[in-house]
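Here is a walk through one protein model, written for someone who likes to check backbone angles and ring geometry. Have the viewer open while reading.

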Amino acid sequence: MPGEDIPALYARLQEEVGRSAVTGDRPLLRRPGVKGALAYSVKKLLRSLPRSEQRANKSPHSVRVRGPRATVAYYSPMPPERSGIADYSALLLPALRRRIEVDVAAREQHAHGDVALYHVGNDPELHGWIIDRLRREPGIVVLHDFVLHHLVASLTLGRKDRRGYLAALERDAGLPGRLLGLGVIDGCIPPLWEVRPEDFPLCGEVLDLATGVIVHSRFVERRVREHGYDGPVWRIPHPAWTPPAVPPERPDGDPVFGAFGNVNASKRVPQLLEAFARFRETHSTARLVLAGANAQRHRLADGVLREGYVDEKRLWELLAGVDAVVSLRSPTMGETSGVAIRALTVGKPLLASDVGWFAELSDDVALKVAPNDTEIDRLVAGMETLSDSSVRDRMAASARELVSAEHDVERVADLYAAALRAPAGGEVVARELDEVQL
């Protein structure tokens, strides 16, 4: 391969494969040892590389505009689909429609508007068709997750498009990324979307097609810029719900913690359960409510109450009944937690991971714990702090104040409307957006 520093490439590839959990506890499937994986991947690369790689170098098509009253073609999962983004759109749309005309696309269908708005998350079942539509008509993207590895892997490998997956990895990490992809495809190393998705976000195509990007956090805004995107980026807070009038569902015990949402590997449930068990050694009446899809996979410990998927009404009842909410996440895909927003609206203090959007929360509303070697000790200490009702009361007042000031749905809709008018309204609308954000 002319121009390549082969020793340096080989050394980097050794490091990358090692970081991808290829160990004695998780052996390679084809050949023993890292060197076998490297040799196999390099040979496979030499056979599979096309003679010339054609790279698209065209800018996205311009958005059609008709003036500052532009209408919006709106693409998003919608209820009754089980999706935090569907709930988000159901909350936002009524307020947005009071400010701008919106045509919401039915699933797999086309909407009409001068500006297209695409909500993009990591679930291929819910967002695959939205990406297909984005490819036909570029527009403004709401980037709910910065890391889109799961989505891209499904839309490429899931459709038998191996070349597309390899190209996405090469774009993120150069030739070593492509070699790692070949190792994944041939079973030499574990799937990267399981062990290292945050290192390979694979969001390049979406950013290429975006005429503008809406994000919810400084963390994602920074990552988008670091990824080379130079178009307009609007940081708009996640909107907050108005809590419904529901009776609280509270188990016997004191204090009562809750952890809610889809329970997956990034939610750090083993660490939470270990910390809670230690906390109960000195607080025997403490309870932990663990609710969400896949929660049943975890063994019950003393004081832990488990529920599977809960509907919206049940979620609000459980949130109203707990004293504090635990929201752990690592690695983060760049997401903002809708459950955490709900918790803040009902004045519940948070015990959260010190990563991504969560790290940006005020210390007045969230105790933050880094996901490192001291995590369990810090979680126990956080539970101890939150066992004091006076501390919880102070944090509850701060939580409600934060939601009212930053996450009010009417304010969020103002910011959205200004961003959506920006392609049609030019500098005047850009100044309007700046004024609203201030």
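## The overall picture

First things first: this is a predicted model. The protein chain folds into 16 helices and 12 strands. Of its 438 residues, 52% count as buried. The accessible surface comes to about 20300 Å², and carbon and sulfur atoms own 48% of that.

The largest nonpolar core has 55 residues, and the members that touch the most others are L96, L117, I214, F260 and Y416. Helix α16 (residues 409-437) supplies the largest share of this core, with 9 residues. Apart from it there is another core of 49 residues, including I130, F146, L175 and A210.

Leaving out residues up to four places away in sequence, F260 touches V289, A291, L315, L318, L319, V322, V325 and V339.

Strand β1 (residues 72-75) is covered on both faces. V72 and Y74 sit on one side, A73 and Y75 on the other, and all of them are buried.

For a partner, β1 has strand β2 (residues 102-104), paired in the parallel sense over 3 bridges. Within this pairing, V72 stands opposite V102.

How many of the 8 residues of helix α5 (residues 149-156) are buried? The count is 6, so this helix is largely enclosed by the rest of the structure. The buried residues are H149, L151, V152, A153, L155 and T156. Their cover includes β3 (115-120), α4 (124-136), α6 and α7 (192-195).

Helix α6 spans residues 162-185 and holds L179. With a relative accessibility of 2%, L179 counts as buried. Its C-alpha atom is 8.1 Å from that of L166, which is 13 residues away along the chain.

## Rings and charges

There are 5 aromatic pairs in the structure. F257 belongs to strand β7 (residues 256-260) and F279 to helix α10 (residues 269-280), so the pair ties together parts 22 residues apart in sequence. F257 is buried at 1% relative accessible area, and F279 is buried at 1% as well.

Elsewhere, Y75, Y118 and W129 form one aromatic cluster; Y75 is also one of the buried residues of β1.

As background, most residues other than glycine have a negative phi, and most peptide bonds are trans. Where do the cis peptide bonds turn up here? One joins P79 and P80, with omega about 15 degrees, and P80 is in the loop between β1 and α3 (84-97). Another joins S330 and P331, with omega about 0 degrees; P331 is in the loop between β10 and α12.

S330 lies in that loop as well, between β10 (324-327) and α12 (338-345). At 17% relative accessibility it falls under the 20% cut-off, so S330 counts as buried. Not counting residues up to four places away in sequence, S330 touches A265, S266, R268 and P371.

R268 is itself worth a look, with a positive phi near 60 degrees in a residue other than glycine. R268 lies in the loop between β7 and α10 and is buried, with a relative accessible area of 14%. E108 also has a positive phi, near 70 degrees. E108 is in the loop between β2 and β3, and at 48% relative accessibility E108 counts as partly exposed.

Terms used
Residues are numbered from 1 along each chain as its sequence is written. This is a predicted model: local features need pLDDT of at least 70, side-chain atom pairs count only at pLDDT 80 or more; totals for chains, interfaces and linings use all residues. Side-chain values use heavy atoms; hydrogens and water are left out. Rings of Phe, Tyr and Trp (its six-membered ring) pair if their centres lie within 6.5 Å; planes under 30 degrees apart count as stacked, over 60 as edge-to-face and the rest as tilted. Helices (H or I, at least four residues) and strands (E, at least two) are DSSP runs, numbered from the N terminus. Buried means under 20% relative accessible area, exposed over 50%, partly exposed in between (1.4 Å probe, protein chains only). A nonpolar core is a set of buried Ala, Val, Leu, Ile, Met, Phe, Trp, Tyr and Cys residues joined through side-chain atoms within 4.5 Å. Contact means heavy atoms within 4.5 Å. Accessible areas come from the Shrake-Rupley method with a 1.4 Å probe; for residues, only the protein chains shown count as cover. Two strands pair if DSSP finds at least two bridges between them.
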